[in-house]
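Me: I'm new to this one. Can you walk me through it?

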Amino acid sequence: MLEPGAAPRGAVACKGVTPTSEQDLARLVQRQFGRQAHNYAVSRSHAEGQDLLRLTELMPHDPHLRLLDIATGTGHTAFAMASHVKEVVGLDLTQEMLDEAERLCRLRGIQHVRFVRGDAMDLPFPTQSFDLVTCRRAPHHFSDIPRFLRQVTRVLVPGGIFGLVDQTTPESQSAADLMETFEKLRDPSHVHALKLSEWQQAFEDAGLHVRHLELDMEERDVADYLDVAGVGEERRQQIWRLLAQASPAAVAMNGFLERDGRLRFERRRIVALTAG
Ligand SMILES: C[S@@+](CC[C@H](N)C(=O)[O-])C[C@H]1O[C@@H](n2cnc3c(N)ncnc32)[C@H](O)[C@@H]1O
């Protein structure tokens with residue numbers, strides 16, 4: 001249960017589930033996604049989301065280019081990009097997600113996508129080994145975004161393109177705090193979703209030049225969103241209480257509303273293309 005009045009911030013949103021070290025976080029990620037791998041493989045939002053269409057549309061299409069998809073999960077972004085480039089490598093920390101990705105890859109008869117287990121903060125590839133890098137719906141699980149971005153710039157060839165999609169929070173701190181707590185209750189491996197302004201700063205610090213940046217808004221059904229992450233009854237109750245007790249302004253800024261008897265919210269995402 002959330003402590004009344006203790007408005008949580010970022011990575012330390014919920015006592016008892018906040019990982020204390022990188023190893024704890026890696027274990028949490030693997031437990032969370034290991035259990036739910038099949039849900040992600042069949043999730044329509046992950047397989048066909050408008051953010052994926054947008055990212056695929058914005059990224060360069062060239063049959064000579066090699067692409068690395070970081071935190072590939074069950075491979076939806078890797079598959080979407082596969083027909084536009086020469087070769088795709090999908091990397092993820094969670095073996096069960098990669099097993100689902102391999103299964104989907106075989107099912108679709110795709111030959112030039114391969115999967116590797118590894119950590120986004122310590123990429124197991126030589127310097128300048130990819131022309132393109134993508135990372136979709138994952139950096140909010142990472143322990144160290146600056147380190148992740150340094151790894152992206154290291155593995156990219158000079159002038160290579162990095163395409164990012166990730167959930168982002170409103171600039172208003174109370175609205176951001178509400179979304180962070182909601183996310184952390186849904187998925188204990190959630191660390192911190194950056195605001196748009198924080199992403200811009202992080203790109204600048206990493207020497208990545210922003211070529212394109214937009215906000216993608218997707219209205220999502222809250223119960224379905226909790227189902228994908230396998231949220232149990234106790235946490236669902238905590239989430240309903242959180243929303244009931246939150247300030248109406250913070251609730252509204254995150255787009256929570258009831259329609260046809262179902263609670264919905266606005267998933268706000270950054271879609272960005274940067275060049276090294
Ligand atoms: C929501 S899923 C990604 C979805 C996928 N990118 C897509 O487009 O469908 C988040 C993934 O991030 C992975 N992940 C989290 N932390 C990671 C890390 N430090 N290194 C690599 N993968 C990580 C998880 O294992 C999980 O598969």
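Predicted model: local features only at pLDDT ≥ 70, side-chain atom pairs only at ≥ 80, totals over all residues.

Me: Start with the ligand. Which residues come nearest?
Reply: Ala71, Gly73, His76, Thr94 and Ala120 do, out of 21 residues around the ligand. Two elements give two or more residues to that shell: helix 1 (22-42) and helix 4 (76-82).

Me: Which element gives the largest share?
Reply: Helix 1, with three residues.

Me: And how does the shell split by class?
Reply: There are 10 nonpolar, seven polar and four charged residues.

Me: New topic. Which residues touch the most other members in the largest nonpolar core?
Reply: Leu67, Leu68, Met81, Val88, Leu132 and Val133, in a core of 65 residues. Helix 7 (residues 173-186) supplies the largest share of this core, six residues. In soluble globular proteins, nonpolar side chains tend to be buried together.

Me: Take Val133. What is Val133 in contact with, leaving aside neighbours within four places in sequence?
Reply: Leu68, Ile70, Val152, Val155, Leu156, Gly160 and Phe162.

Me: Now the backbone. What is the phi of Gln128?
Reply: Gln128 has a positive phi of about 55°, and it is not a glycine. Most residues other than glycine have a negative phi. Gln128 sits in the loop between strand 3 (113-117) and strand 4 (130-136).

Me: Why does Gln128 count as partly exposed?
Reply: Because it has 14 C-beta neighbours inside 10 Å.

Methods: Residues numbered from 1 in each chain as written. Near = placed C-beta within 6 Å. Helix = DSSP H or I, 4+ residues; strand = E, 2+ residues; numbered from the N terminus. Nonpolar A, V, L, I, M, F, W, Y, C, P; charged D, E, K, R; others polar. Core = buried A, V, L, I, M, F, W, Y, C linked by C-beta atoms within 7 Å. Buried ≥ 20, exposed ≤ 12 C-beta atoms within 10 Å, placed from the backbone. Contact = placed C-beta atoms within 7 Å.
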